[in-house]
Amino acid sequence: MTGDGLEDAVLRLVGLLQERGVTLATAESLTGGMVGAVLTDVPGVSAVYRGGVVVYATDLKAKLAGVPEDLLAAVGPVHPDTAAALASGVRERLEADYGLATTGVAGPDPQAGIQAGTVYVAAAGPGSVQVRKLQLTGDRAAVRRGSVQAVLELGAAVVAEELD
């Protein structure tokens, strides 16, 4: 990791989880395991990170992360409701206090009429589910990295808000 916003975001989130003795799980689509990789770079994270699922294929969003199939059929994989269901589903399936999720189009081309750089990140906790829409620019790597940072920041905000 480098000394930038991404490192600040992961350290803040892990610190909050550790301080409060709560756990986290992740469901990732376009980030393909990057959120889990960034989390597991932090020493001591095993006390709070339960694990994650990479649900790149749409059918796996239902099978592994618990997104209702009728929701996927109605709105597709890149939608705020899908992001919320991913975060809630992984939280439940991996028996964690909090769940984080990423879904979107990394590019370079649009997918199913959705512009490259369109991303939804979500954080689910015992008391709420929050979703943020991002419209990121840059190449595929920049979109994925921006998504990781955004979901970690959202996760930290939700943990801080629920437990203050």
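A polar contact is a pair of N or O atoms within 3.5 Å, of which, within protein, one must be able to donate a hydrogen and the other to accept it. The views below use this term for a predicted model.

**View 1. The start of helix α1 and the cap formed by Asp4.** Asp4 caps the N-terminal end of α1, with a side-chain oxygen that lies 3.0 Å from the backbone nitrogen of Leu6. Because a pair of such atoms must be within 3.5 Å to count as a polar contact, the 3.0 Å between the side-chain oxygen of Asp4 and the backbone nitrogen of Leu6 qualifies.

**View 2. The length and the two sides of helix α1.** Helix α1 runs over residues 5-20, and its 16 residues, at 1.5 Å a residue, should span 22 Å, which agrees with the 23 Å that separates its end C-alpha atoms. What are the buried residues of α1? They are Leu6, Ala9, Val10, Leu13, Val14, Leu16 and Leu17. These residues lie on the same side of α1, because they cover an arc of only 155 degrees around the axis. An α-helix has 3.6 residues a turn, so residues three or four places apart point the same way. On the other side of α1, Asp8 and Glu19 are exposed.

**View 3. Gln18 and the end of helix α1.** Gln18 has its place in helix α1 and is partly exposed, because its relative accessible area is 36%, a value that falls between the 20% under which a residue is buried and the 50% over which it is exposed. Although Gln18 and Val48 are 30 residues apart along the chain, their C-alpha atoms are separated by 6.4 Å. Just after α1, Gly21 takes a positive phi of about 65 degrees.

View 4. Thr31 lies in the loop between β1 (24-28) and α2 (34-39), and with a relative accessible area of 0% it is buried. The side chain of Thr31 is joined to the side chain of Thr102 by a polar contact of 2.7 Å. Thr103 belongs to strand β3 and counts as buried, because its relative accessibility is 1%. Which backbone oxygen does the side chain of Thr103 reach? The side chain of Thr103 reaches the backbone oxygen of Pro77, at 2.7 Å.

View 5. Val78 is found in the loop between α4 (69-75) and α5, and it counts as buried because its relative accessibility is 10%, whereas the cut-off for a buried residue is under 20%. The C-alpha atoms of Val78 and Ala123 are 16 Å apart in space, and the two residues are 45 residues apart in sequence.

View 6. The 14 residues of α5 should span 20 Å at 1.5 Å a residue, and the end C-alpha atoms of α5 are 20 Å apart, which agrees. Several residues of α5 are buried, namely Thr82, Ala83, Ala84, Ala85, Leu86, Ala87, Gly89 and Val90. Glu95 is found in the loop between α5 (80-93) and β3. Is Glu95 buried or exposed? With a relative accessible area of 63%, Glu95 is exposed.

View 7. A cis peptide bond, with an omega of about 15 degrees, joins Gly107 and Pro108. Pro108 is found in the loop between β3 (98-104) and β4 (118-124), and Ala112 is found in the loop between β3 and β4 as well. Ala112 is not a glycine, yet it has a positive phi of about 50 degrees. Ala112 is exposed, because its relative accessible area is 79% and a residue counts as exposed when this value is over 50%.

**View 8. The largest pocket and its lining.** The largest pocket has a volume of about 170 Å³. It is lined by 14 residues, of which Ser29, Leu30, Tyr56, Gly104 and Gln111 are the closest to its centre. At least two residues of the lining of the largest pocket are supplied by each of α3 (58-63) and β3. Sorted by class, the lining of the largest pocket has six nonpolar, six polar and two charged residues.

Key:
Residues numbered from 1 in each chain as written. Predicted model: local features only at pLDDT ≥ 70, side-chain atom pairs only at ≥ 80, totals over all residues. Heavy atoms only, no water. Helix = DSSP H or I, 4+ residues; strand = E, 2+ residues; numbered from the N terminus. Buried < 20%, exposed > 50% of the residue type's maximum accessible area, 1.4 Å probe, protein only. 1 Å grid on protein atoms, 1.4 Å probe; cavity = no way out; pocket = protein on both sides within 12 Å on 5 of 7 lines; lining within 4 Å. Points joined across faces, edges and corners; volume = space filled by probe spheres on them. Nonpolar A, V, L, I, M, F, W, Y, C, P; charged D, E, K, R; others polar. Expected span 1.5 Å × (residues − 1). Arc of directions from axis to C-beta.
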